[in-house]
Amino acid sequence: MLDVNRLFLLHQLSLLGTISRVAKSQGLTRPAVSQQLLKLEQEVGLVLFERSGRGVQLTPAGKQLVERSHELFTLLESMEAEVEASSRRVSGQVRIGAFGSAVFGLLPLTLQRLHQEHPGIDIDVHEMESPDGLRAAAAKQVDLALVDDLMDRAALIGSLQMLPLCVDEFLAVLPAQHPLAHNAQLKLADLAQERWDLNHASLGYNLLLLNQCRAQGFEPKVRSNCRNLGATLELIKAGRLVSVLPAMNLRAACVDVHLKVVRLVPPITRQIFIATVRESSRRPVIAAVIAALRETAGHHS
């Protein structure tokens, strides 16, 4: 009979790419993980992975075993959810992975709600870009991840449930004294001659805006690359830069009179999802967090 724990290690290896990362994720030593994976290969009588550069690559047999194991882990998750639901307790630790805008724009109010309604829930927040959050959710490094649709997620859909949360719109941000600041709305091309701030670290966001600009016939003149929203807004206020930023960020930032936020036509949007392993949303503690996130997102929309 196949060992479930060894199957899970193979599943993690398919997501994390190296034995070292799997070992770190599970609190094990690298030799211990290697030994368990070797025993799994002996059980099935097949080579399941091969070394590829600094990482490993699953063989066709390994990929097939991982795909089939999704059904098993979904069943186990369902059984765990049923056990927790029978106790009717809404308490315990929930690990959330979220990209920066969601951490800033959604989580503070969500955590306040949870503290008031479910004080027994202990939230652990990890900031990570959407591809990393999706991978972490699939590998059960986090219990749920807030992700956007500015990425390829097809490879992980088999083990994940994607729950729509809200739509986030991107808005132009200019100095209040900018000649274009009096407009009720702008075309992206209206900013073609401006100096831009773009956060290169957020790959999906950066690629989206570059492609949108190129579709309107120009290459943005990027003069600043700030990950920190406060730094971006201060540079814009100084009158030297413009940017296009998520409304989710701007609502939470309390934009002051030195800045002007203008809607774009046609609008540029992204869909925000809650990613969890299948069936885990039935756990009372996870369901409570999802409900609080939806309430917060609905309040902001």
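I looked up which elements line the largest pocket: helix 5 (100-105), helix 7 (130-138), helix 8 (203-215), helix 9 (229-237) and strand 10 (243-246) each supply at least two residues. Helices (H or I, at least four residues) and strands (E, at least two) are DSSP runs, numbered from the N terminus. The model is predicted, so local features need pLDDT of at least 70 and side-chain atom pairs pLDDT 80 or more, while totals for chains, interfaces and linings use all residues. Residues are numbered from 1 along each chain as its sequence is written, and side-chain values use heavy atoms, without hydrogens and water.

I noted about 610 Å³ of space in this pocket. Its lining has 29 residues, and Gly100, Ser101, Glu129, Asn199 and Ser202 are the closest to its centre. A pocket here is an open set of points on a 1 Å grid over the protein atoms alone where a 1.4 Å probe fits, with protein on both sides within 12 Å along at least five of seven lines; lining residues have an atom within 4 Å of a point.

Next I searched the whole structure for aromatic pairs and found three. Phe8 and Phe73 form one that is edge-to-face, 5.7 Å centre to centre with 80° between the planes. Phe8 is in helix 1 and Phe73 in helix 4, 65 residues apart. Rings of Phe, Tyr and Trp (its six-membered ring) pair if their centres lie within 6.5 Å; planes under 30 degrees apart are stacked, over 60 edge-to-face, the rest tilted.

Technical notes: Points joined across faces, edges and corners; volume = space filled by probe spheres on them.
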